[in-house]
Amino acid sequence: SPWGAEGEGGRWGTSIICSGGESRNCTFESTLEALWWERMRGGHFRFQMTPGGVKARVLGYSTFSFVFVLIPGRLVKRHTQVSSSRRLSRPFSRHSFSFHHTKLPERLLWLRENTSGASRREESRAVLTISPVDITNRVANVAPHLVLINVSPVGYLSTIVAPNVALNLSQWLQPEGLQLALTMAVALRDRFLRVGYNSLAGGASVNHLHFQLWKHPGELPVERAATERTRTGLVGYGVEVAELTGYPVRGLVLRGALNTAARRRATSKFLCRCVDHLKEMELAHNLVITGGRGGVVYFFPRKPMTVLRKYGMLPGYIELSGYVTLFTERDLRNVNPEIVSRHLQANVSLSAEQWETFLPLCLRPPAARATPRRSNEG
């Protein structure tokens, strides 16, 4: 291999390709971190971040606390036309910005799932092969999935993962792409490195299928939120479904979703069926997935995007997790968590009536659906 020897790295059996002779010691996140900081030092981001240099405040309101983080550079973003749109789906357009238009140094890794020939004993393993992008030469894609820097980072290791990038899929959840995100999440040994997803009208700024990674070195408010088991309780294969309670945004919590390949497949199919119903109801959605074998999936059906103008906040997956980015020192000093909470409750969260309409449709077994799932090829 031009990238080095392939080896077994990662506690959960993550197979990766590393440079030099370090293959026995490296992990997906260690390789990602090294390349991410290399690009930061090279000036390929829109603004600089330094280890330990992010200012943050934790402010409580009601039964929970928000994490407010100062990231001034995100005040001006490269793409705003899609994130502010209320259209829930649109076909992929070669004339709009996509990840084909990124600069070569913005690309970090090619990523591939290795699932063929896995035995039952190996089913719980998340096997990934990664190949760093050679920024000195334009070479053919060596794997289907592309990992890039987020040039306007929301935090440390803020990264974009574009599944099957060459297929030009639009930004709508599809089982294969979501299954990759779940497989990637279980490969993460660092529980503070999370996977996120914004739909169109839910914070996505590019209509080219992608997930995001970012690191917050501590628990997120949603991870501390209370839950209550749903009426049906299970997706299948032992995946438990619960509802968030006492949290500003209504959502579902899926536990045990990452432990085996069968559970990841069942979870991806379940969530994509739920998303089909959201499309019919003209509602958006967000996802947050915590890493590791004990990882949890947080699913947020939500109203289409409405900006909180006082703080310039466009609530996406990261804000729904309770991690709120602010752009000025003044806002960080004076931010009012009650204002943020009320905006999320009134303008983002589904109303009680919408929730009671959506939840039975989402939890209905697949055999009870009247029409088959429509494919979205972008």
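At what angle do the axes of helix α2 (residues 175-187) and helix α4 (residues 261-280) cross, and within what distance do they come? In this predicted model, the two axes cross at roughly 135° and come within 9 Å. Because angles of 65 to 115 degrees count as roughly perpendicular and those over 145 as roughly antiparallel, α2 is oblique to α4.

**Packing of α2 and α4**

- The crossing of these two helices, α2 and α4, is right-handed.
- On the α2 side the contact is made by Pro175, Leu178, Gln179, Leu182, Thr183 and Val186, while α4 contributes Arg264, Arg265, Thr267, Ser268, Leu271 and Cys272.

**Arg265**

- Arg265, which lies in helix α4, has a relative accessible area of 35% and is therefore partly exposed.
- The C-alpha atom of Arg265 is separated by 8.6 Å from that of Glu176, although the two residues are 89 residues apart along the chain.

**Nonpolar cores**

- In soluble globular proteins, nonpolar side chains tend to be buried together.
- The largest nonpolar core here has 101 residues, and Leu254 and Val340 are those with the most contacts inside it.
- Helix α2 supplies the largest share of this core, namely eight residues.
- When its neighbours within four places in sequence are left aside, Val340 is in contact with Phe66, Phe68, Leu308, Tyr311, Met313, Val324 and Val335.
- Another core, of 12 residues, lies apart from the largest one and has Val133, Ile160, Ala162 and Val206 among them.

Conventions: Residues numbered from 1 in each chain as written. Predicted model: local features only at pLDDT ≥ 70, side-chain atom pairs only at ≥ 80, totals over all residues. Heavy atoms only, no water. Axes fitted to C-alpha atoms, helices over the stretch in contact; angles between N-to-C directions. Helix = DSSP H or I, 4+ residues; strand = E, 2+ residues; numbered from the N terminus. Parallel < 35°, antiparallel > 145°, perpendicular 65-115°, else oblique. Left-handed = near helix turned anticlockwise from the far one by under 90°. Contact = heavy atoms within 4.5 Å. Core = buried A, V, L, I, M, F, W, Y, C linked by side-chain atoms within 4.5 Å. Buried < 20%, exposed > 50% of the residue type's maximum accessible area, 1.4 Å probe, protein only.
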